[in-house]
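Morning, everyone. Please bring up the structure on your screens. I'll keep this short.

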Amino acid sequence: MTADLETIKVYNAPSADYADINLKDAASPELLAFIDRLPVKAHVLDLGCGPGHMAKTMIDAGHVVDAVDASPEMVSLAHQAMVPARVARFEDIHEDQIYDAIWASFSLLHAPREAFPALLGQLSSALMPGGLFYIGMKLGHGEHRDSIGRLYSYFTEDELLIHLANAGLTDPQITRGSSIGLSGEEAQHITITLRKPDNA
């Protein structure tokens, strides 16, 4: 099991607060750029959908979104936003080549470091050849919990690019920045958009 129960508990407790903080992400430039690169009526996995703001934007753009989150409270909020989300953990994704794209926006950073490479492999397998893959992660080293108890796994940029390449994902497009999360702590982050090769 790769899900961290303490992290899920944290997201269950202040779910409405988290939803308010992240409402602006529904129209983020990176999400809109991602949508612009999708085929018509794309089948998209929103991995760690939270309150469903970003999934709703993709649905409103005409795409079919499989929105999943390990937190039942987050899934309930997504339902209130008219997003047909379901409770699922990272390790529950076992599909084979069914998604045109995967959106993993700052969700996989809660997976244990030792499980991260295998999870990327599972997700790559679930992606159609030519499919689009987006990931957001915080940069750093090792694992630790933040001030409100969430488990974080940190990687350097080079480590992330190696893991993504080993999962068969190519052509990385990188954006770097910093952000303040639910805990109030500022962190350096990276987002990477990649492709699964057409012949994979």
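I'll talk about a helix contact and then some aromatic rings.

One thing before we start: this is a predicted model.

Let's take the helices. Two packed helices are described by the angle between their axes and the distance between the axes. Find helix H3, residues 29-36, and helix H4, residues 53-60. Their axes come within 11 Å. They cross at roughly 35 degrees. The crossing of H3 and H4 is right-handed.

Which residues make the contact? From H3, we have Leu31, Leu32, Phe34 and Ile35. From H4, we have Met54, Thr57 and Met58.

Keep your eye on Phe34. Phe34 sits in the H3 side of that contact, and Phe34 also has an aromatic partner, Tyr134.

So, on to the rings. How many aromatic pairs does the structure hold? There are 5. Look at the pair of Phe34 and Tyr134. The ring centres are 6.2 Å apart. The planes stand at 70 degrees. Edge-to-face means over 60 degrees, so this pair is edge-to-face.

Where do the two partners lie in the chain? Phe34 is in helix H3, and Tyr134 is in strand E5, residues 127-138.

Buried or exposed: what is Phe34? Buried, at 2% relative accessible area. Tyr134 is buried too, at 3%. The cut-off for buried is under 20%.

Last point. Phe34 and Tyr134 form one aromatic cluster with Trp103.

Conventions
Residues are numbered from 1 along each chain as its sequence is written. This is a predicted model: local features need pLDDT of at least 70, side-chain atom pairs count only at pLDDT 80 or more; totals for chains, interfaces and linings use all residues. Side-chain values use heavy atoms; hydrogens and water are left out. Axes are lines fitted to C-alpha atoms, for helices over the stretch in contact, and angles run from 0 to 180 degrees between N-to-C directions. Helices (H or I, at least four residues) and strands (E, at least two) are DSSP runs, numbered from the N terminus. A crossing is left-handed if the near helix is turned anticlockwise from the far one by less than a right angle, and right-handed if clockwise. Contact means heavy atoms within 4.5 Å. Rings of Phe, Tyr and Trp (its six-membered ring) pair if their centres lie within 6.5 Å; planes under 30 degrees apart count as stacked, over 60 as edge-to-face and the rest as tilted. Buried means under 20% relative accessible area, exposed over 50%, partly exposed in between (1.4 Å probe, protein chains only).
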